[in-house]
Amino acid sequence: MKLAIVLFKNNLRIDDNYSLYNACKDSDFVLGLYSLEVLKGKIYDFEKCNIFREKFIKESLICLKNNLLKYNINLSIVDDIDKSLEKLSKSYEITIYYDEEVGTQEKTFEEKLQKYKYKSFFSQTMIEPFVFDYKKSFSHFRKKAEKQHISKTLDEIPRKKTVDFKSLDIEIPKLEIDNPNAIIFKGGENEALVRLQNYLPKIHYYKTTRNEMSGFENSTKFSPYLAIGCISPRRIYEKIKEEEEETHQSDSSYWIYFELLWRDFFHLVMKYSGNKLFLKSGIKEINYNFRKNKKTFDSFFNASLGVDLIDASINELKTTGWLSNRNRQIVSSYFIKNLGLDWRVGAGFFESFLVDYNPASNYGNWAYQAHIGNDSSYRVFDIEKQKQMYNGNDYIKKWLNKENSKLNIDYKEMVEIIRKEVFLE
Ligand code: FAD
């Protein structure tokens, strides 16, 4: 019997799913497979996947499983994908369908699949991929990207004939967070579509609120869903266009598309640059003298640096899995340009804790802050200024439970020392 196997990874949805759609088109019998291996392992001294993302992924899997059953497709959640494929290939004539990823570990995994008959698709981005100079800036990319085609979302998949397989039961970890201000996400395609629908009436305010440090409605909060593919970027694009047709176009509604282009940009930079975004020297291929100060490392990770805004941000990240874009920028800039620490360890820390972690956006942004990515100037965030501009004092009260105090270190001098010592300028 011919069996189409859809390998689910970061495409945990039914809607606009290229590998699922094509498997359903080609075959009467379709089986979904997902491996829990992504949840395991270490990155530096951190768990690769902390409880926030684990919970989010598992909720998304349960949603996917239930949604697939409506089409008579079973989702088998397995521990060891290699063994499962080997076993299936002995009993069935299998063809594997999968979505291509851009991370190096993901690519290595994909190479192993090539001993089987397979069909792969690249559908991680909103725009159709095109070749550009990945060492150049976002602006260089954007000018071309804005002319790029965005494919229409796919039609609904047809109902299939049932194939029954044993599946691992998964247990959703319990999370106890007693901070009422915490942003906690519930995983799954259904939740993603609800979030999109709820955000549409707000698209004309996005640009004025997106930089705030706190507040659920201040930005779209699409990222956790996009990271593991509970929603496709093309679906988001289409819905925003429909909303614009019903209301009007605005700077703000354009800006969501603009930010989604940043996501595409980092995905395509990672796709074309091989493993460079994971290397110390980055895509600029320059050498650095990062400091190896264990005490500073520990103070940073334990939120005890004594720099209120940074400590508060670390507290939020470690207790919720979330940090706004503004705080991510400030924290990564401080880690690299004020403390002089190795950006890869900071990126590993974010990888461990962020609920919306994806390799391209995380390593692309860290590399950008570290001055070895696609940045064109040496930009340092001024903590005091940032606090004033984006309600930093309320944020500090919320996450450190204390009033703001001013920095008692010579901030500018520190930045200059690091610049000379680490960045050899
Ligand atoms: P919105 O402001 O509503 O933006 C809409 C969408 O655009 C986002 O969902 C996201 O998909 C995309 N987007 C926005 N800003 C960026 C950006 N700078 N880079 C790439 N895509 C962007 N984003 C992740 O999804 N995963 C990560 O692991 C991640 N790590 C980051 C690490 C650092 C050091 C920094 C500075 C940024 C990182 N980002 C990451 C990008 C950005 O912070 C988040 O995408 C954003 O905060 C998510 O909130 P939102 O969905 O409300 O975004």
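## A right-handed crossing

Helix α14 passes α15 in a right-handed crossing. A crossing gets that label if the near helix is turned clockwise from the far one by less than a right angle, and it is left-handed if the turn is anticlockwise. Helices here are DSSP runs of H or I with at least four residues, strands are runs of E with at least two, and both are numbered from the N terminus. The axes of α14 (residues 343-353) and α15 come within 10 Å and cross at roughly 145 degrees. Axes are lines fitted to C-alpha atoms, for helices over the stretch in contact, with angles running from 0 to 180 degrees between N-to-C directions.

On the α14 side, the contact is made by Trp 343, Gly 346, Ala 347, Phe 350 and Glu 351, and α15 brings Asn 362, Tyr 363, Trp 366 and Ala 367. Contact means that the C-beta atoms of two residues, placed from the backbone, lie within 7 Å. By class, that's 6 nonpolar, 2 polar and 1 charged. Ala, Val, Leu, Ile, Met, Phe, Trp, Tyr, Cys and Pro count as nonpolar, Asp, Glu, Lys and Arg as charged, and the others, Gly among them, as polar.

## About the model

This is a predicted model, where local features need pLDDT of at least 70 and side-chain atom pairs count only at pLDDT 80 or more, while totals for chains, interfaces and linings use all residues. Residue numbers start from 1 along each chain as its sequence is written.

Now for α12 (residues 308-320) and α13, which pack at an angle of about 115 degrees with their axes 10 Å apart. Their crossing is left-handed. Leu 309, Ile 310 and Ser 313 of α12 meet Asn 327, Ile 330, Val 331 and Tyr 334 of α13. This contact has 5 nonpolar and 2 polar residues, with no charged ones.

## Around the ligand

The ligand has 29 residues around it, and Ser 219, Thr 220, Asn 325, Asn 362 and Asn 365 come nearest. To be near, a residue needs its C-beta atom, placed from the backbone, within 6 Å. Two or more residues each come from α8 (223-227), α10 (251-273), α13 (325-338) and α15 (359-369). The top contributor is α10, with 6 residues.

Sorted by class, the shell holds 11 nonpolar, 12 polar and 6 charged residues. Domain 2 (189-273) and domain 3 (294-421) each supply at least three residues to this shell.

## Domains

The protein splits into domain 1 (2-123), domain 2 (189-273) and domain 3 (294-421), with bounds from an automatic or database domain assignment. Between domain 1 and domain 2, the C-alpha centres lie 25 Å apart. Their contact takes 15 residues from domain 1 and 14 residues from domain 2. On the domain 1 side, the touching residues are 7 nonpolar, 5 polar and 3 charged.

## The parallel sheet

There's also an open sheet of 5 strands, ordered β5-β2-β1-β6-β7, with parallel pairing. Strands pair if DSSP finds at least two bridges between them. The edges are β5 (74-78) and β7 (117-121), each pairing on one side only. From one strand to the next, the twist averages 25 degrees.

Strands β1 (residues 2-7) and β6 (residues 93-99) pair over 6 bridges, and Ile 5 stands opposite Ile 96 in β6. Helix α1 (residues 18-26) lies across β1, β2 (30-35), β6 and β7, at about 150 degrees to β6. Helix α3 (residues 81-91) lies across β1, β2, β5 and β6, at about 155 degrees to β2.
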